[in-house]
Amino acid sequence: MLKISVQTIREKGEEFFREIYQERYLVWSGQKDESNFSAIYEKYSVLSSKETIESVIEFMNKAGEEEKKSIRYILEFLINNYEQMQVKELNDNADNIESDATVIFPDGRKVSYYAAQIEMMSNKNSYLKTWWTEEKIKIMDKINPSLEDIHKRTMKIPEELGFSNYISMFQTISGIDLYKLSESMQDFLKKTQDIYDKAIKIEYGKPETFSSLFPEDAMVNIIKKLLEDMDIGYSGENNIKFDTDTREKKAGNGFCAPIEIPSKIFLVIAPLGISYRTYGAFLHELGHALSNIHMDEHTPFEYMRLGDNSVEEGFAATFDHLIYNPHWLFSALGIKKPEKFLRLMFFRDLSLLRQWAAEFIYEIELRKTEELKGKGELYKNILSNACKGEFPEAMYLRSIDPAFEIINYIKSALFEPVFSAYLEKNYGEKWFNDPAAGNFLKNLWKIGKKHTLFEILQSMGIKDFFFEPFIARLNKYLV
Ligand SMILES: [Zn+2]
């Protein structure tokens with residue numbers, strides 16, 4: 001058996017991330033036509049081989065408690081790579097069908113499926129909504145055979161790697177008790193049912209009506225001022241590189257590419273049509289970028305690149321929720337009466353978390369067996385019981401991210417209100433103007449993802465948290 005040391009995995013892993021992010025930056029920002037991700041995975045095939053995984057499991061079993069934690073992150077990374085490699089062609093196939101797909105709008109326009117998705121995000125015309133659902137189903141019918149094969153292939157992986165099934169493999173490498181979390185999320189759905197039933201009856205007005213409050217041409221300067229006020233824009237020699245240029249093939253959503261941490265970090269943003277969404281996306285990616293630029297350059301690989309990913313998501317959510325903060329809205333944009341806007345935003349927050357909770361509960365059922373019979377119906381039932389909206393059976397695989405990634409989003413959404421309240425309590429309602437708050441954040445960012453989300457909260461004196469703070473804030477704005 002080929003033996004590879006953990007140190008070599010760390011070194012190769014770092015090189016791998018640099019290449020992946022470099023490629024992602026060029027392709028997604030519209031500066032390179034053909035993507036080459038598969039070739040990078042091939043080049044670093046040692047990071048996805050069964051032999052490497054077996055060596056690491058052997059090493060982990062002998063390791064002490066503290067070391068076990070960091071090795072588990074490495075194992076999680078390797079197993080995810082292994083999964084990716086097994087389904088690479090099937091994934092490419094599904095992606096290609098989707099990126100080549102076009103739809104013809106009832107008014108005769110022929111538009112790519114991706115562009116139509118963006119257009120339909122802000123379209124409230126009920127006739128078009130029905131048409132759009134039908135179009136999506138037609139495209140999913142073409143993609144689903146590949147996605148079904150991906151599912152079947154993925155479900156064979158645990159056995160190949162010495163685990164009894166997918167659920168137990170995930171629980172072992174993540175340390176998360178899926179069934180306990182599922183019970184909590186069922187409880188969350190129950191506890192927010194009344195407020196949700198009331199909130200869906202409110203007339204919120206069209207999202208575009210709020211666009212004039214968020215002038216797009218002022219955005220970059222407003223963000224730069226935030227960085228200056230908190231004294232968080234620079235770290236030594238480094239600063240974040242903003243990519244705000246318009247390019248034809250630039251992805252319609254923001255992203256952060258930490259190519260080299262902490263010295264080469266790109267924040268890419270493109271207008272999303274509705275300006276407050278662009279502000280939200282920019283601030284979200286800013287949270288990602290900041291937690292990378294302030295990381296110590298000697299942070300070990302597993303806490304620099306791996307670790308508990310909900311931590312970085314939590315910081316990103318804290319920054320994107322500045323547009324939910326009446327003090328920031330007034331201070332940065334001069335918005336005096338944000339109540340109507342905030343009601344819309346908190347309804348969005350509630351709807352989104354209810355949807356994530358339902359998707360997570362469904363994903364456990366999906367990952368239990370290879371069998372897919374009845375899963376489309378199950379998806380539709382679980383989702384439409386939790387949220388208003390169309391959840392066609394045909395989306396039962398496409399709308400689910402791999403390997404319970406949804407948990408990071410759920411955790412970050414629950415962390416954000418607790419963390420924002422902590423900042424406000426300790427640094428005042430204008431914490432976003434205070435370099436002392438900036439300093440507190442810089443100290444948290446310095447160590448990378450060494451601590452889990454729960455450990456960070458414990459270090460702030462918060463012993464126990466779950467969804468009560470999230471619900472308390474909804475009660476303030478929605479009822
Ligand atoms: Zn994010």
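Does Glu377 count as buried or exposed? This is a predicted model, and the answer comes from counting neighbours. Glu377 has 11 C-beta neighbours inside 10 Å, so it counts as exposed. The cut-off for exposed is 12 or fewer. Glu377 sits in helix α17, which spans residues 375-386. Sequence and space can be set side by side here. Glu377 and Asp141 are 236 residues apart in sequence. From C-alpha to C-alpha, they are 15 Å apart in space.

**The core**

The largest nonpolar core has 107 residues. Ile74 and Ala357 have the most contacts inside this core. Helix α16, residues 339-368, gives the most to the core, with eleven residues.

What does Ile74 touch, leaving aside its neighbours within four places in sequence? Ile74 is in contact with Val6, Ile9, Val56, Glu302 and Leu306.

**The sheet**

Three strands form an open sheet. Their order is β5-β7-β6, and the pairing is mixed. Strands β5 and β6 stand at the edges. Each has a single partner strand, so one side of each is left without a neighbour in the sheet. On average, neighbouring strands are turned by 20 degrees against each other, direction ignored.

Look at one pair. β5 and β7 pair in the parallel sense over three bridges. Lys241 stands opposite Phe266 in β7.

The table gives their angles.

| Helix | Residues | Lies across | Angle |
|---|---|---|---|
| α1 | residues 6-28 | β6 and β7 | about 140 degrees to β6 |
| α12 | residues 275-293 | β6 and β7 | about 175 degrees to β7 |

Note the reference strand in each row. The angle of α1 is given to β6, while that of α12 is given to β7.

**One face of a helix**

An α-helix has 3.6 residues a turn, so residues three or four places apart point the same way.

Note on methods. Residues numbered from 1 in each chain as written. Predicted model: local features only at pLDDT ≥ 70, side-chain atom pairs only at ≥ 80, totals over all residues. Core = buried A, V, L, I, M, F, W, Y, C linked by C-beta atoms within 7 Å. Buried ≥ 20, exposed ≤ 12 C-beta atoms within 10 Å, placed from the backbone. Helix = DSSP H or I, 4+ residues; strand = E, 2+ residues; numbered from the N terminus. Contact = placed C-beta atoms within 7 Å. Pairing = 2+ DSSP bridges. Axes fitted to C-alpha atoms, helices over the stretch in contact; angles between N-to-C directions.
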